[in-house]
Amino acid sequence: MSTQACRDALKKEKVALDKGAHAGLLLSRYLQIAAPTKGNDSKDEEKQHPGERLELYRLAKKAAERAKSIYVSAYDRRLQYLKQDTPCAESFFSVQGRLIVGLGSEHVLEAGITLHHTYGVPIIPGSALKGLAAHYCDQVWGNESVYQEGSSTKQDAYKFKLGEEWHRALFGTSDDSGHIIFHEAWITPESLNGDGKQGLVLDVMTPHHGDYYTGEKDKHGNTVAPTDFDDPNPITFLSVTGTIHVALSCDVDSDVGEKWTKLAMRLLTEALQRWGVGGKTNAGYGRLKLSGPLVDVDQLKADAVIASVRALKFAGVAGSIYAYVELWRNLEVSPAQKRRVAEAIVAKVIEAGREKQSRDKDWYKELLVNIQ
Amino acid sequence: MPTREQECAQRAYVRASEQSHDEETRRTDQGAKKKEAEYQRYAKRFPALIQNCGLAQALAFAQAKAPEDYLTDLAHVVESAMLVDALAAQARCSDISQYQKLTRDTLVASTWLKRYAEALLKGEDE
């Protein structure tokens, strides 16, 4: 006989489970029936959980899609917050195949998944990304025998090894924090659009040799060997597909900080593509591929202003240049990008032959100070 | 006069000790060794299971999968002489404030059992 798994107040006769909008809550509190009490020798997961487990996964999948309307606001708010955290590098990655983070966490369904606590949508914790990047940095970038052009000179490759100078700067040690901040990676709202092919999706793993994997012993005390006669044991679980937004920032607001942030993003991009993040990476899970060029939002903003400044006709410089100085003052970009815009304005003033008239003006001096 | 937490710890210590076997028994009796390892494994997992899935689901899962000894000991550590079925029934039927208190008490009990299981018992490979 199966055991009731949920509280009486949460039974499906009392609660409209099909209207749930938080996948994490459904998965962790609303399993109606657990495995039957001991004495049932069947290893077939479907017989142990008569349809309840699969039904719960389907409800959780729908719930994640239903959460999209409120999730969009949180996602946009997060992007706005990241803009204030300069320097920052952001990228979009598409999942190649499937992704599963948190598979081994303790769960009554025996296959966990990491979901956002408030919205119940899939996320990749910053700690997972940092761990992956740190390990890849040590094993690949720090390994002279697999040295590749671009990350450093071959002689300096050792500085990326664990405990060495560049590894410490990026990731820190147990005594000191690193300078790069690995933000949680959030799935894009478009990946929760309810077409059934993205977001949370049903998946299955089918171990065939359970006794061998768990080290069961036969009557003689020898480990049971895997055989061709073992029954397959299909186990359903949830995995993730879609597009993920990844962001890194640095606690040093300068040109140097920006360079290190971009380097860290390049490292993480390689690691995500080649090694993958989360569980079952040996089976091909967790590979993320850059789905567009590195999005440097600050550079895009600065480029737009610089293009306008350069397009100014000489005759219009005297009347219009101060408006661009005001625009430059209010521009919320990194210091490096702000300096580029200042350089463009000063270059335009000089090109228009107005340097002598502008030299003693406060706004011109302010620009020159920023360029130095 | 001991505190409630101390009394809980004392009950957990007694029950965990009873699951421990000496080296000679572990070497000659594979069944006893496996039983001790399995008890330790569930003792370590159970607090996290309560945190992730709530008390009612964690107990239902344990009734199906965990060693009977562990559940019997857990119920006794929560409250002296409490039975497993009574604990599970309370978890399913209580109102929310009673359920929260029961969850807190069971978390404390399972954490003490975990500590003593880690200290006094040996895993499969040890």
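Q: How many residue pairs are in polar contact across the interface of chain A and chain B?
A: Ten, in this predicted model, counting pairs with both residues at pLDDT 80 or more.

Q: Which elements of chain A supply residues to the side that touches chain B?
A: β1 (2-4), α1 (23-29) and β2 (33-36) each supply at least two residues.

Q: And how do the residues on that side divide into nonpolar, polar and charged?
A: Nine are nonpolar, five polar and seven charged.

Q: What about salt bridges between chain A and chain B, how many?
A: The count is two. One of them joins the side chains of A:Glu110 and B:Lys65, at 2.8 Å from N to O.

Q: How much area do chain A and chain B bury between them?
A: About 1,900 Å², with 49% of it on carbon and sulfur atoms. The contact involves 21 residues from chain A and 26 residues from chain B.

Q: Switching to rings. How many aromatic pairs over all chains?
A: The count is 15. Among them is the tilted pair of A:Tyr212 and A:Tyr213, with 5.8 Å centre to centre and 50° between the planes.

Q: Is A:Tyr213 buried or exposed?
A: Exposed, because its relative accessibility is 55% and the cut-off is over 50%. A:Tyr212 is partly exposed at 41%.

Q: How are B:Trp112 and B:Tyr116 arranged, stacked or tilted?
A: Stacked, at 5.9 Å centre to centre with 20° between the planes. They sit four residues apart in helix α7 (residues 96-120) of chain B, so about one helical turn separates them. B:Trp112 is buried at 18% relative accessibility, while B:Tyr116 is partly exposed at 21%.

Q: Which residues do ring pairs link into a cluster?
A: A:Tyr71, A:Tyr75, A:Tyr119 and A:Trp186.

Methods: Residues are numbered from 1 along each chain as its sequence is written. Chains are lettered from A and ligands numbered from 1 in the order in which they are written. This is a predicted model: local features need pLDDT of at least 70, side-chain atom pairs count only at pLDDT 80 or more; totals for chains, interfaces and linings use all residues. Side-chain values use heavy atoms; hydrogens and water are left out. Contact means heavy atoms within 4.5 Å. Buried area is the accessible area (1.4 Å probe) that two parts lose on being put together, summed over both. A salt bridge is a side-chain nitrogen of Lys or Arg within 4 Å of a carboxyl oxygen of Asp or Glu. A polar contact is a pair of N or O atoms within 3.5 Å; within protein, one must be able to donate a hydrogen and the other to accept it, and residues adjacent in sequence count only if both atoms are side-chain atoms. Ala, Val, Leu, Ile, Met, Phe, Trp, Tyr, Cys and Pro count as nonpolar, Asp, Glu, Lys and Arg as charged, and the others, Gly among them, as polar. Rings of Phe, Tyr and Trp (its six-membered ring) pair if their centres lie within 6.5 Å; planes under 30 degrees apart count as stacked, over 60 as edge-to-face and the rest as tilted. Buried means under 20% relative accessible area, exposed over 50%, partly exposed in between (1.4 Å probe, protein chains only).
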